[in-house]
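User: I would like to go through some of the labels attached to this model and see what each one rests on. Please set the values against the cut-offs.

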Amino acid sequence: MSGRPLLNRRLDGLGTTIFAEMSALATATGSINLGQGFPDTDGPESVREAAVRALREGHGNQYPPGPGIPELRTAISDHQRRFYDLSFDPETEVLVTAGATEAIAAAMLALLEPGDEVIAFEPFYDSYAACVAMAGAKRVPLTLRAPSFRPDLDELRAKITPRTRLLLLNTPHNPTGMVLTAEEQSAIAALAIEHDLLVVTDEVYEHLVFEGTHRPIAALPGMRERTVTIGSAGKTFSFTGWKVGWVKAFSPTYWNLAA
């Protein structure tokens with residue numbers, strides 16, 4: 001063997017995911033697991049029965065189209081229109097993924113190049129760090145401080161450099177529960193437009209809001225064409241083991257052809 005490490009050097013210092021460690025400890029000790037975002041009970045019976053019927057009727061048992069089953073992509077598009085009055089073409093602007101984590105990884109690998117900087121709220125879902133590192137980029141944390149856990153927008157502006165490529169947002173926020181206000185979103189959108197930044201927004205908890213109102217930042221003027229929005233059926237319907245996530249994003253190819 002050469003002196004080269006077996007693992008990619010970009011993963012140095014990341015170690016085992018904390019979720020794997022905490023879940024293993026909870027199982028070993030019989031403890032209540034507060035370390036991972038899954039519910040106490042399964043989701044609605046009607047959803048489970050729909051999945052059983054689909055399997056028995058031969059739907060989805062073999063390879064689907066690369067972007068995902070067309071009916072699911074259409075349902076995702078309809079969901080965005082119903083809740084947020086946002087229009088996404090299910091053929092060109094919706095991608096189904098194996099959970100939201102794959103969506104995050106795919107977005108980082110697709111949009112980042114070595115040397116780019118990514119500003120992300122901290123604390124954060126630990127896969128963010130690995131996904132940014134694998135893309136060869138640098139994660140720049142913006143710490144959310146107790147007790148309000150609101151982002152410091154002046155600090156955010158100060159962290160933007162010529163190398164900043166992308167803002168990685170998470171709202172509703174895991175683990176603090178913070179939901180960006182309309183004013184905060186408008187200010188972040190203005191910074192993204194001013195500095196020509198991309199925005200990847202993790203919105204897997206979009207329907208689990210206790211205070212405030214969730215609104216996708218992609219709905220703001222000038223943001224749809226620079227925002228990648230990530231969602232999750234697992235979180236919404238309490239079937240986290242099914243690993244069904246998705247990406248909604250502007251398709252310049254589609255719009256150029258449509259024009």
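Analyst: The answers below concern a predicted model, taken label by label.

User: What makes Arg73 count as buried?

Analyst: Buried means under 20% relative accessible area. Arg73 has 4% relative accessibility, so Arg73 counts as buried.

User: Which residues of helix 3 are buried along with Arg73?

Analyst: The buried residues of helix 3 are Arg73, Ile76, Ser77, His79, Gln80 and Tyr84. Seen down the helix axis, they fall within an arc of 150 degrees, so they line one face of helix 3. What they pack against is strand 1 (94–97) and strand 7 (245–249). On the face turned away from the buried side, helix 3 carries the exposed residues Glu71 and Arg82.

User: How do you know what span to expect of helix 3?

Analyst: The expected span is 1.5 Å times one less than the number of residues. Helix 3 covers residues 70–84, which is 15 residues, and the expected value is 21 Å. From first C-alpha to last, helix 3 reaches 21 Å, close to that expectation. After the helix comes Asp85, with a positive phi near 55 degrees.

User: Why is the pair Arg73 and Glu91 called a salt bridge?

Analyst: The label needs a side-chain nitrogen of Lys or Arg within 4 Å of a carboxyl oxygen of Asp or Glu. The closest N and O atoms of Arg73 and Glu91 are 3.9 Å apart, and the pair forms a salt bridge. Arg73 lies in helix 3 and Glu91 in the loop between helix 3 and strand 1, so the pair ties together parts that are 18 residues apart in sequence. Glu91 has a relative accessible area of 55%, and exposed means over 50%, so Glu91 is exposed, whereas Arg73 is buried.

User: What is the N to O distance between Arg81 and Asp78, and where do the two residues lie?

Analyst: The distance is 3.3 Å, and the side chains meet in a salt bridge. Both residues lie in helix 3, 3 residues apart, about one turn of the helix.

User: Which parts does the pair Glu93 and Arg224 tie together?

Analyst: The side chains of Glu93 and Arg224 meet in a salt bridge at 2.7 Å, N to O. Glu93 is in the loop between helix 3 and strand 1 and Arg224 in the loop between strand 5 and strand 6, so the pair ties together parts that are 131 residues apart in sequence. At 3% relative accessibility Glu93 counts as buried, and at 15% Arg224 counts as buried. Elsewhere, salt bridges that share partners join Arg145, Glu155 and Lys159 into one network. A search of the whole structure finds 9 salt bridges.

User: Why is no salt bridge assigned to Glu206?

Analyst: A salt bridge must be within 4 Å. The nearest side chain of opposite charge to Glu206 is Lys248, at 4.9 Å, so Glu206 is buried yet has no salt bridge. Glu206 sits in the loop between strand 5 (198–202) and strand 6 (227–232).

User: What joins the side chains of Glu206 and Tyr84?

Analyst: A polar contact of 2.6 Å joins them, and the cut-off for that label is 3.5 Å. Beyond four places in sequence, Glu206 is in contact with His79, Gln80, Tyr84, Pro172 and His214.

User: How is the accessibility of Asp196 and of Ser238 classed?

Analyst: Asp196 has 60% relative accessibility and so counts as exposed. Ser238, at 23%, counts as partly exposed. Asp196 is in the loop between helix 7 and strand 5, with a positive phi near 55 degrees. Ser238 is in the loop between helix 8 (233–237) and strand 7, with a positive phi of about 65 degrees although it is not a glycine.

Definitions and conventions
Residues numbered from 1 in each chain as written. Predicted model: local features only at pLDDT ≥ 70, side-chain atom pairs only at ≥ 80, totals over all residues. Heavy atoms only, no water. Helix = DSSP H or I, 4+ residues; strand = E, 2+ residues; numbered from the N terminus. Buried < 20%, exposed > 50% of the residue type's maximum accessible area, 1.4 Å probe, protein only. Arc of directions from axis to C-beta. Contact = heavy atoms within 4.5 Å. Lys, Arg positive; Asp, Glu negative; His and termini not counted. Polar contact = N/O pair within 3.5 Å; in protein donor to acceptor, adjacent residues only side chain to side chain.
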